[in-house]
Amino acid sequence: MDEDGHPKTLQFACPSRGQQRLVTTSNSLEKDFDYSAWGKNQDLNKRIQLLRIITQISHNSTFLTFLLTGVPGLEWAHAWISIPFCCLYLTALSGNTLILFVVLTEPSFHEPMYYFLSMLSTTDIGLCISTLVTVLGIFWLNAREISFNACLSQMFFIHLFTFMESSVLLAMAFDHFVAISNPLRYATILTHARISQIGLAVITRGTVILTPLVLLLKHLSFCRSHVLRHSYCFYPDVMKLLYSDTKINSAFGLIAIISTTGVDSIFILLSYVLIIHSVLNIASPEERKKAFSTCISHITAVAIFYIPLISLSFVHRFGKHSPPYVPTLIANIYLLIPPLMNPIIYRVKTKQIEKAVLKLVCSKGTHI
């Protein structure tokens, strides 16, 4: 304890990282260890022992907190920046909720294509809700602190809904392939029971892959600064703050990406190779054009999902010297643009949904 009765504070450098961290020690540590052992001329073994014990404090997730980041360099304008963000969130949530409501309530939309579309809207709603509180909390209240357990929970759901969206896009590609290549057996192949199994598999795969990945972080030490680069908890961002060896976590993370979005993207590409082959075998030019036009919405949805995702991965891996606002911009595009654009894409390209939405809005207007 110092002269004023406050807990002592030690400052030391993380080995091989050159980063300093302040660690507050409790009375129990003060009783068990002689702080003079920290001096330059004292025994090295005592200093190593003290360093190990102090580092154990970072294992206690109850007291560990992270600091989220808004838009670096524009903290003074966060209130103004929150206005377009709030509009984007409202548009994304309302658009996806409307599509989900129309598909579930209109019997004419109880078909495989629209069931997959409702799954896509569900994942988009989940992505928006997962980040809404922390993003707007930073812009409105400057609420940057987030506890370790809350950060793990947010990170789990962000990546879960990301993996689920990738899986749903793959299922939609399979739906297009069956509809074009084998339309007579479409109803017998994609039955309601099979669609339910696909939906269950989408959730199960993401959960099984992410659970060990997140649990591994609970047993590791964080020795560097706890400032994250984004306004939400993102796995590669949290990994950069680890004091412990990250080889196992990096390997698990790579396996998770390859086995989800990596495998899905390959099969989506393969599906479109088979779709193109099937379309080219159609004799009528008009029928070929019609078959291709049914895939435009899905191709656009795949592009706006994978391009920001790949861009963010490249920024985290190779963008060490990029301006601080670049990762923030790409991170927000990665999570906001797909939920925002998917309802617009499918309402414009799918005439049935557009008519149903207009019918719903008009009927509400007449009742008012």
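**Close-up views of a predicted model**

At 1% relative accessibility, aspartate 264 counts as buried, because buried means under 20% relative accessible area, whereas exposed means over 50% and partly exposed lies in between (1.4 Å probe, protein chains only). The structure is a predicted model, in which local features need pLDDT of at least 70 and side-chain atom pairs count only at pLDDT 80 or more, while totals for chains, interfaces and linings use all residues. Residues are numbered from 1 along each chain as its sequence is written, and side-chain values use heavy atoms, with hydrogens and water left out.

**View 1. Aspartate 264 and arginine 205 meet in a salt bridge.** A salt bridge is a side-chain nitrogen of Lys or Arg within 4 Å of a carboxyl oxygen of Asp or Glu, and a search of the whole structure finds 1. The side chains of aspartate 264 and arginine 205 form a salt bridge with an N to O distance of 2.6 Å. This pair links distant parts of the chain, with aspartate 264 in helix α9 and arginine 205 in helix α7, 59 residues apart. Arginine 205 counts as partly exposed, at 24% relative accessibility.

**View 2. Helix α9 covers residues 247-280 and bends at isoleucine 258.** Helices (H or I, at least four residues) are DSSP runs, numbered from the N terminus. Helix α9 has 34 residues and reaches 47 Å from its first C-alpha to its last, close to the 50 Å expected, where the expected span is 1.5 Å times one less than the number of residues. The bend at isoleucine 258 is about 35°, taken as the angle between axes fitted to the seven residues ending there and the seven starting there. Among the buried residues of α9 are Asn249, Gly253, Thr260, Asp264, Ile268 and Tyr272, and what covers the buried residues of α9 includes α5 (148-181), α7 (192-217) and α11 (296-318).

**View 3. Phenylalanine 85 and phenylalanine 139 form one of the 8 aromatic pairs in the structure.** Rings of Phe, Tyr and Trp (its six-membered ring) pair if their centres lie within 6.5 Å, and planes under 30 degrees apart count as stacked, over 60 as edge-to-face and the rest as tilted. The rings of phenylalanine 85 and phenylalanine 139 have centres 5.0 Å apart and planes at 50°, so this pair is tilted. Phenylalanine 85 lies in helix α3 (residues 78-105) and phenylalanine 139 in helix α4 (residues 112-141), 54 residues apart, and both are buried.

**View 4. Phenylalanine 109 and tyrosine 114 form an edge-to-face aromatic pair.** Their rings lie 4.8 Å centre to centre, with 70° between the planes. Phenylalanine 109 is buried, with a relative accessible area of 4%, and tyrosine 114 also counts as buried, at 4% relative accessibility.

Definitions and conventions
Helix = DSSP H or I, 4+ residues; strand = E, 2+ residues; numbered from the N terminus. Contact = heavy atoms within 4.5 Å.
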